[in-house]
Amino acid sequence: MSDPLVGTAWLEEHLDDPLLRVVDIRGYVRKRMVGEGRQEAEYLGAREEYERSHVPGAVYVDWTRDITDPDDPVPVQVAPPERFAEAMASRGIGDETRVVVYDHAGGQFATRLWWALVYYGHDAVSVLDGGWNRWVAEGRPTTREVPHPARASFTPRPRPEWRKQAEEVLGLSRSGEALILDARDAGQYAGDVARGEGRAGRIPGAAHLHADGLLDPERGGFLPLGELERRVREAGVPDDRDAPVVAYCNGGVAATVPLFVLHRLGYRNLSNYDGSWNEWGVREDLPAER
């Protein structure tokens, strides 16, 4: 398995590769406490930042709109096949394209697109370690020029095993046949903080592995593989690379960070509960524990 994490030096050397497409997916989850242990979050893209400056040749994807399903009542669910294929094809991403995706620090928005592409059968995708922040800090080339790539042909080939529905997760929670990983922060996992109108708590039996704890707080990007291995083991992930693992967060975005790490470590049975707590927390028919 080739490592789906690439460095800034590698990307700069390959910017002129005609089979490479760089994707800028910078964005935000703006959070604020509104009292009584309740938090609100606003999902935002950062197209204005892209238009001011970006990696040469990079196209922009708004994680809140371009690759989501506007008809799904659960926020920011992955776009259905035809919509996702159109988003890729219109940006010059075809079946033979190698994709390198970056956000500000090489975190959850980049891994979200990595997961979505893999879910739709496109394995030739990498995340830029350290993202835009490291690229700029190292003085690498930037531009304001917005490219207009020729339309490509993207064929979505969904892999259902990479995406779980609530009822499937409920069954796994009850049976214990898969490890369920909660990638939210410690306060949400413990039930001290509730998001939006949902309940506080977690999926029964879920272990905790905060997505931010897998990233380097000083340099951005991912911690070394040895340290990542130690942290996933501390969270209760078994050493068996065939062990099934389902990750969730609030919107199925931060959950892709531990999935990306586990994939890099050689785990083969990985799933994202895309609805995550945005769905589970408001459905009274689903159990929660604190």
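Helices H8 and H9 cross in a left-handed manner; that is, the near helix is turned anticlockwise from the far one by less than a right angle. This is a predicted model, where local features need pLDDT of at least 70, side-chain atom pairs count only at pLDDT 80 or more, and totals for chains, interfaces and linings use all residues. Residues are numbered from 1 along each chain, and side-chain values use heavy atoms, without hydrogens and water.

**The H8–H9 pair**
- H8 spans residues 225–234 and H9 spans 256–264. Helices are DSSP runs (H or I, at least four residues), strands are E runs of at least two, and both are numbered from the N terminus.
- Their packing angle is about 115°, and the axes lie 10 Å apart. Axes are lines fitted to C-alpha atoms over the stretch in contact, with angles from 0 to 180 degrees between N-to-C directions.
- H8 contributes Leu225, Leu228 and Val232, while H9 contributes Val261, Leu262 and Arg264. Contact means heavy atoms within 4.5 Å.

**The largest nonpolar core**
- This core has 59 residues. A nonpolar core joins buried Ala, Val, Leu, Ile, Met, Phe, Trp, Tyr and Cys through side-chain atoms within 4.5 Å; buried means under 20% relative accessible area (1.4 Å probe, protein chains only).
- Phe84, Met88, Leu113, Trp114, Leu181 and Phe222 touch the most other members.
- H4 gives the largest share, nine residues.
- Domain 1 (5–159) and domain 2 (161–281) each supply at least three residues. Their bounds come from an automatic or database domain assignment.

**A second core**
- A separate core of 15 residues includes Tyr189, Tyr248, Trp280 and Leu286.

Methods
Buried means under 20% relative accessible area, exposed over 50%, partly exposed in between (1.4 Å probe, protein chains only).
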